[in-house]
Each structure stands twice: as C-alpha cells, then as structure tokens.
Amino acid sequence: MCTRFVYNGKDTVVGFNFDIDLSVWTHTVVAERDRFFIGIKMPDGQYHSYHGVNRNGNVGTLLYVNGNENGKYCDGVGYITIADLTESYIKGQLSFDGVLDVVRNQKIVYAKDVSMQAMLSDRSGRVLIIEPGIGYRLEQTKYSLITNYSILNPETTRSYIVPGDDRFERAIEQLERQGDDFSVTDAFDLLKSVRQEGRWATRVSFVYSANRNKVYYVLNNDFENKIEHDFEIFWKDLKSC
C-alpha cells in the first residue's frame, strides 16, 4: 500500500509514501552518487531499486495492485516485467523517452510473484502511468496521483478497495487546493496526512524537488526529522576528492 504524486508548479515536486508489511519484506534506504532508492531484498539476496530517484531527476515507484489476467507474468521475447522496467529507469539505463518506446513496442507484465503498477516521472514533470494488462498513460498536468487501485480502468479494482481507505480522495482534495508555490513542506504535509500505521505502516516517505535536485526523506512516520540527499553537493564533493 503506497501513495505517489507529482505536482507541477514553479517547482516539480514528487512525493511518495512507502507502506510495507515488515513480516513479508525486508528493505533499506540507499543514498548513492547517482541514485537514492528504497532497496527491497529479493530472493537473489540483492536490494533492488524499485522505488527511487536518480540524479537526472527520473523518479520511479511501484505500487501493489490486485492483478488482472491479461497482465500475468510471461517470459520471452516481446515481454518485460514492470519491475525490471522500473528498476532500469531508476538506474538510468533507460530514459523517459526510452521507457515510452518500450511500452509502445513490448507487452508489460507483472513480476513472477507480485502484481504491481508503476508511476514514472522526469525532471520536467512528465508522468507515465503503467498498468500491466491495461495500458499506459502519458501526461503532464497540474498534478498526477496514484495509490493501489487502477487509474486507467478503475472498475477493474473497485471491488478490492479496502473499507476506509480514502487516501486517494483525501490526497486529491489537498492537491486541488494548491497553487504554483507548492513546496517540499507542502508535499510532506500531504504525505503525513495519508500516512498509514499498523501492519502496513508507512516506513519511508520521500520528497524530490526538481529545482534543487534534492531528495528529502523521513523514516517510520517521524516527520519532524527529515534527512537530505543532495545530488549536486554529493557530486561536487566526490569530484574534489
């Protein structure tokens, strides 16, 4: 269960709440020269970057969704999993236009063991929503928002909406009220308002500012203690060594 948005004002601001069951998944936060990501430990023993930002301003996130038969995992030529596509984007192996080329020419499917949908965005505020088995949408609007239900065909997941889960509606209400000065602080206020607790609590919340090329993040709903990862300073410090 996660929440992700992009807001295009004077700054392009991205927000993401990472909600996860710790009894099922192991995660860590990784801040590198070229990437900031929430690493998910997979059976290969590696922490994979399915949710993160690279220094070019490309942001990718995967969100759980109840799957559909048309998006089921399939191996072979002409197929690519949503997980592999998203990680390649975060790693900088694919550009935004490169991803567009992939979704136009290959079939995007779920990973072997989990059904997910993706939101990818770039520094200019373009957004690509990808739902395996349903399709994709390219947009650049005032805001884009996704949670754990289909955006492109809501009827396919309407019956799976958890009673009381109104994160999408509450987030839209707040985004609609915002103006061009929407800030990192505003983004954290929104994420805090839709945070989760309990078994599927929000473990990491991050906000990316395109103008500053910086990621801010908090752990375990501790919104009073923000940590910064500045790609520009990190890069300059390394070059001076």
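Guide: Let's start with one word: contact means heavy atoms within 4.5 Å. This is a predicted model, where local features need pLDDT of at least 70 and side-chain atom pairs count only at pLDDT 80 or more, while totals for chains, interfaces and linings use all residues. Residues are numbered from 1 along each chain as its sequence is written, and side-chain values use heavy atoms, with hydrogens and water left out.

Visitor: Okay! Which residues is Thr202 in contact with, leaving aside its neighbours within four places in sequence?

Guide: Thr202 is in contact with Asn17, Phe18, Asp19, Arg195, Gln196, Asn220 and Asn221, once those sequence neighbours are left aside.

Visitor: And where is Thr202 found?

Guide: Thr202 is found in strand S13. Strands (E, at least two residues) and helices (H or I, at least four) are DSSP runs, numbered from the N terminus.

Visitor: Is Thr202 buried or exposed?

Guide: Thr202 has a relative accessible area of 1%, so it counts as buried. Buried means under 20% relative accessible area, exposed means over 50%, and partly exposed is in between (1.4 Å probe, protein chains only).

Visitor: What joins the side chains of Thr202 and Asp19?

Guide: A polar contact of 2.6 Å joins them. That term means a pair of N or O atoms within 3.5 Å; within protein, one must be able to donate a hydrogen and the other to accept it, and residues adjacent in sequence count only if both atoms are side-chain atoms. A polar atom of the Thr202 side chain also lies 2.9 Å from the backbone nitrogen of Gln196.

Visitor: New topic, rings! How many aromatic pairs does a search of the whole structure find?

Guide: The search finds 8 aromatic pairs. One of them is Phe36 with Phe206, an edge-to-face pair at 5.6 Å centre to centre and 80 degrees between the planes. That pair links distant parts of the chain, 170 residues apart: Phe36 is in strand S4 (residues 35–41) and Phe206 in strand S13 (residues 202–209).

Visitor: What do "pair" and "tilted" mean here?

Guide: Rings of Phe, Tyr and Trp (its six-membered ring) pair if their centres lie within 6.5 Å; planes under 30 degrees apart count as stacked, over 60 as edge-to-face, and the rest as tilted.

Visitor: Which residues form one aromatic cluster?

Guide: Phe16, Phe18, Phe36, Phe206 and Tyr217 form it.

Visitor: Let's switch to charges. Where do Arg126 and Asp122 meet?

Guide: Their side chains meet in a salt bridge, 2.8 Å from N to O. A salt bridge is a side-chain nitrogen of Lys or Arg within 4 Å of a carboxyl oxygen of Asp or Glu. Arg126 is partly exposed, with a relative accessible area of 23%, whereas Asp122 is buried, with 8%.

Visitor: How many salt bridges does the whole search find?

Guide: It finds 15 salt bridges. Among them is Asp230 with Lys214, whose closest N and O atoms are 3.7 Å apart. Asp230 lies in strand S15 and Lys214 in strand S14, so the pair ties together parts that are 16 residues apart in sequence. Asp230 is buried at 16% relative accessibility, and Lys214 is buried at 15%.

Visitor: Last one, backbone angles. What is the phi of Asn220?

Guide: Asn220 has a positive phi of about 55 degrees although it is not a glycine. Most residues other than glycine have a negative phi. Asn220 lies in the loop between S14 and strand S15 (227–230) and is exposed at 53% relative accessibility.

Visitor: And Asn213, is it buried or exposed?

Guide: Asn213 is buried, at 0% relative accessibility. Asn213 is found in the loop between S13 and S14, with a positive phi of about 50 degrees although it is not a glycine.
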